[in-house]
Amino acid sequence: ATSGGALFITGGIPYVLFSAATNYSAAAYGSASGVVWASLSSGPWVGRAYHGSVVFLGQVWVLAGLDSSGTALGDVWSASLGMVWSQATSAAGFGPRSWVSSVVFGGRLWVVGGLDSSQSSCLSDVWNSPDGVRWVQATSSANFGARCG
């Protein structure tokens, strides 16, 4: 995610060669160059991977994902660029999912496809929100077909 000449990353799986990752991260990092990264305040949200992360309305957003136990998440969090986190919703209209695509377009947050809550089927639905709280389904079945990631 980017904002005001800065890059941001959130969450993820710390990779350790030849070991299974069990410690999904809630960390946030920022960089003005893409070379040197600073640790920012970790989110109060459960560590996750395969989530969406964008900058919208001057805030960093974390959407959905998968926790380290394999549970798909359907929550939405945001932080001011000073990294004060707040939960927009614990149960977004798009429902729990991982491997989600997220973008900002037309003054709205968008969530596109992903892997369903049972982690067995890719989705082809498209959702949007003006504020991260209220979600509207644009289509239940986009003509590009089911997409994960």
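1. Basis of the note. The structure is a predicted model, in which local features need pLDDT of at least 70 and side-chain atom pairs count only at pLDDT 80 or more, while totals for chains, interfaces and linings use all residues. Residues are numbered from 1 along each chain as its sequence is written, and side-chain values use heavy atoms, with hydrogens and water left out.

2. Secondary structure. The protein chain has twelve strands and zero helices, where helices (H or I, at least four residues) and strands (E, at least two) are DSSP runs numbered from the N terminus. Read from the N terminus, the order of elements is accordingly β-β-β-β-β-β-β-β-β-β-β-β.

3. Overall dimensions. The radius of gyration of the protein chain is 15 Å, which agrees with the value near 15 Å that a compact globule of 149 residues would have; the radius is taken over C-alpha atoms, and the globule rule is 2.2 Å times the number of residues to the power 0.38. Along the principal axes, the C-alpha trace spans about 40 × 40 × 25 Å.

4. Of the 149 residues, 43% count as buried, with buried meaning under 20% relative accessible area, exposed over 50%, and partly exposed in between (1.4 Å probe, protein chains only). The accessible surface of the protein chain comes to about 7300 Å², and carbon and sulfur atoms hold 57% of that surface; these areas come from the Shrake-Rupley method with a 1.4 Å probe, and for residues only the protein chains shown count as cover. Among the contacts with a separation of 6 or more, 40% are between residues 24 or more positions apart, a contact being heavy atoms within 4.5 Å.

5. The disulfide. With a disulfide defined as a pair of cysteine sulfur atoms within 2.5 Å, the count comes to one, and the pair is C122 and C148, with an S to S distance of 1.8 Å. The pair links distant parts of the chain, since C122 lies in strand β11 (residues 122-129) and C148 in the segment after β12 (136-139), 26 residues apart. C122 is partly exposed at a relative accessible area of 37%, and C148 counts as partly exposed at 30%.

6. Positive phi values. A64 is not a glycine, yet has a positive phi of about 60°; A64 is placed in strand β6 (residues 59-66) and counts as buried at 1% relative accessibility. Q119, also a residue other than glycine, has a positive phi near 60°; Q119 sits in the loop between β10 (108-115) and β11, and is partly exposed with a relative accessible area of 25%.

7. D75 and its surroundings. D75 belongs to strand β7 and is buried, with a relative accessible area of 10%. Leaving aside neighbours within four places in sequence, D75 is in contact with R48, V62, L63, A64, Q87, T89 and S90, so that A64, with its positive phi, is one of the residues that D75 touches. The C-alpha atoms of D75 and V35, 40 residues apart along the chain, are separated by 31 Å.

8. Two loop residues. R134 is found in the loop between β11 and β12 and is exposed, with a relative accessible area of 52%. Not counting residues up to four places away in sequence, R134 touches N128 and S129, and the C-alpha atoms of R134 and T89, which are 45 residues apart along the chain, are separated by 8.7 Å. S68, in the loop between β6 and β7 (72-80), counts as partly exposed at 44% relative accessibility, and the C-alpha atoms of S68 and V55, 13 residues apart along the chain, are separated by 24 Å.
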